[in-house]
Amino acid sequence: MEIRLENLRKEFKEVVAVRDVTITFPDSQVTCLLGPSGCGKTTLLRMIAGLETQTSGEIYFGKERVSDLPPSKRNIGMVFQYPVVYRGTTVYSNIELPLLEEKLAPAERKKRIAQVIEVLGLQKYAHWDTSLLDIGTRQKVAVARTVARQPEIIMFDEPLTNVDVDTRVQLKQALKELTAQLKKTIVYVTHDQTDAMTLADQIALMQNGVIVQRDAPRELYNYPNNVFGGWFLGNPGMNFFEYDVEPVGNAVRLISPLFPTAMRVIGVGDNRRITVGIRPERIRVSPVELPNFVWGELSHKAIVVGGQYLLSISVGELLLKAKVRREVGLDISDGLWFECPLDWIMIFDAEGRRLEDVTIEPE
Ligand code: ADP
Ligand code: MG
């Protein structure tokens, strides 16, 4: 069952939480709605669930218009930031109750309960009262109960935010398994890019009430269509440098200490102020001089996760972040040679939109 939103908008007095969003969440796929706190993710999700009434716009599930249906008629499963469980009953009963209400055949009911209990690692707690459980385990129960019902649409609103680190890892693994098995339409809200990259078939990136890009995780990461995507994704995000450029024939001339020579940039149209972007992990470094490499001073070196080095290189007035594997064998004290590969240079216009079909070459 696909979800289609058409010009969906929500205003809270003068605050516009969601700005005329038009998007399709495809059938049987996991779409992660990713964006910083306050950008409108929860509001969007609550409108889909019918928990919040839209100011304008329409919501369709498949061919059916559901914009005015109450939540109970939308048949959505939802997991919230704080686990919702029935207190004073066992984990087993928590999962069983909705299945009893749906009058599922006993054999099917038992099968589904056994399956979610196993995937979520709840065997040990099956007959515990939920009041005895920590918050992470209660969240597992909430996920188990929602998933066991197998609704056509399942939505998660930052389900990992409030659980401890160990549970996070287990829950994420379980979610990955469950979503692959279930083949339901899943919308997963998060502000955490790692969660989104791990779980998503595609990511919808949100900023200020607007979906700015919807793409497969790698595509979004490699080719953000605006500065925001380059900055928000990545750890750290893209390097950006702004330049005023002069036309030379059908191109513009870019003079930057990032490159050993003046460069020609073709395909920027009438833009005379551009932003050059490159991801830290695309920069190549060397202890010895190589063709097209530039010398930079090393101002800071730190080891980051995954055994990588995060380097701060100063070159001219610029400070460039580079992320390199430890094996590059740099025993660098004062400086190093670096290259910004031209294939990985992105050019953005003054409004921050990426200019496609740009060629950059030595003059
Ligand atoms: P997110 O989930 O991405 O953090 P929200 O959807 O919760 O963002 O909020 C989006 C914007 O709408 C924020 O500016 C928030 O303050 C505002 N907002 C959300 N819910 C309400 C509400 N019930 N009343 C007034 N403003 C709200
Ligand atoms: Mg939220």
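1. Let's start with Pro 159, which at 1% relative accessibility counts as buried in this predicted model. You will find Pro 159 in the loop between β7 and α5. Setting aside residues up to four places away in sequence, Pro 159 touches Val 79, Phe 80, Gln 139, Tyr 188 and Val 189.

2. Next, have a look at the nonpolar cores. The largest one has 44 residues, and Cys 32, Ile 95, Leu 120, Leu 122, Val 143 and Phe 156 touch the most other members. Apart from this core lies another, of 32 residues, including Leu 318, Ala 322, Val 324 and Cys 340. As background, nonpolar side chains tend to be buried together in soluble globular proteins.

3. Some nonpolar side chains do sit on the surface. Tyr 86, Leu 97 and Leu 100 form a nonpolar patch there, with about 240 Å² of accessible area together. Leu 97 belongs to helix α2, residues 91–101. Is Leu 97 buried or partly exposed? Its relative accessible area is 37%, so Leu 97 is partly exposed.

4. Asn 239 is in strand β11, which covers residues 239–244, and counts as buried because its relative accessibility is 3%, under the 20% cut-off. Which backbone atom lies 2.8 Å from a polar atom of the Asn 239 side chain? The backbone nitrogen of Lys 321 does. Not counting residues up to four places away in sequence, Asn 239 touches several others, among them Val 276, Arg 279, Pro 280, Ile 283 and Leu 319.

5. Now for some backbone details. Most residues other than glycine have a negative phi, and most peptide bonds are trans. Here, the peptide bond from Asn 235 to Pro 236 is cis, with omega near -5°; Pro 236 is in the loop between α8 and β11. Gln 150 has a positive phi of about 50° although it is not a glycine, and is found in the loop between α4 and β7. Lys 183, in the loop between α5 and β8, also has a positive phi, near 55°. Gln 150 is partly exposed at 27% relative accessible area, whereas Lys 183 is exposed at 55%.

6. Finally, the salt bridges: a search of the whole structure finds 22. In one of them, the side chains of Glu 152 and Lys 184 meet at 3.4 Å, N to O. This pair links distant parts of the chain, 32 residues apart: Glu 152 is in the loop between α4 and β7, and Lys 184 is in the loop between α5 and β8. Glu 152 is partly exposed at 34% relative accessibility, while Lys 184 is buried at 13%.

7. Arg 353 forms a salt bridge with Asp 349, the closest N and O atoms being 3.1 Å apart. Here Arg 353 is partly exposed, at 47%, and Asp 349 is buried, at 5%. Glu 11 and Arg 9 meet at 2.8 Å, N to O; Glu 11 is partly exposed and Arg 9 is buried. There is also a network of salt bridges linking Arg 168, Lys 172, Asp 192 and Asp 195.

Key
Residues are numbered from 1 along each chain as its sequence is written. Chains are lettered from A and ligands numbered from 1 in the order in which they are written. This is a predicted model: local features need pLDDT of at least 70, side-chain atom pairs count only at pLDDT 80 or more; totals for chains, interfaces and linings use all residues. Side-chain values use heavy atoms; hydrogens and water are left out. Patches are made of residues with over 30% relative accessible area and no salt bridge: like charges are joined within 9 Å, nonpolar side chains (Val, Leu, Ile, Met, Phe, Trp, Tyr) within 5 Å. Accessible areas come from the Shrake-Rupley method with a 1.4 Å probe; for residues, only the protein chains shown count as cover. A salt bridge is a side-chain nitrogen of Lys or Arg within 4 Å of a carboxyl oxygen of Asp or Glu. Helices (H or I, at least four residues) and strands (E, at least two) are DSSP runs, numbered from the N terminus. Buried means under 20% relative accessible area, exposed over 50%, partly exposed in between (1.4 Å probe, protein chains only). A nonpolar core is a set of buried Ala, Val, Leu, Ile, Met, Phe, Trp, Tyr and Cys residues joined through side-chain atoms within 4.5 Å. A polar contact is a pair of N or O atoms within 3.5 Å; within protein, one must be able to donate a hydrogen and the other to accept it, and residues adjacent in sequence count only if both atoms are side-chain atoms. Contact means heavy atoms within 4.5 Å.
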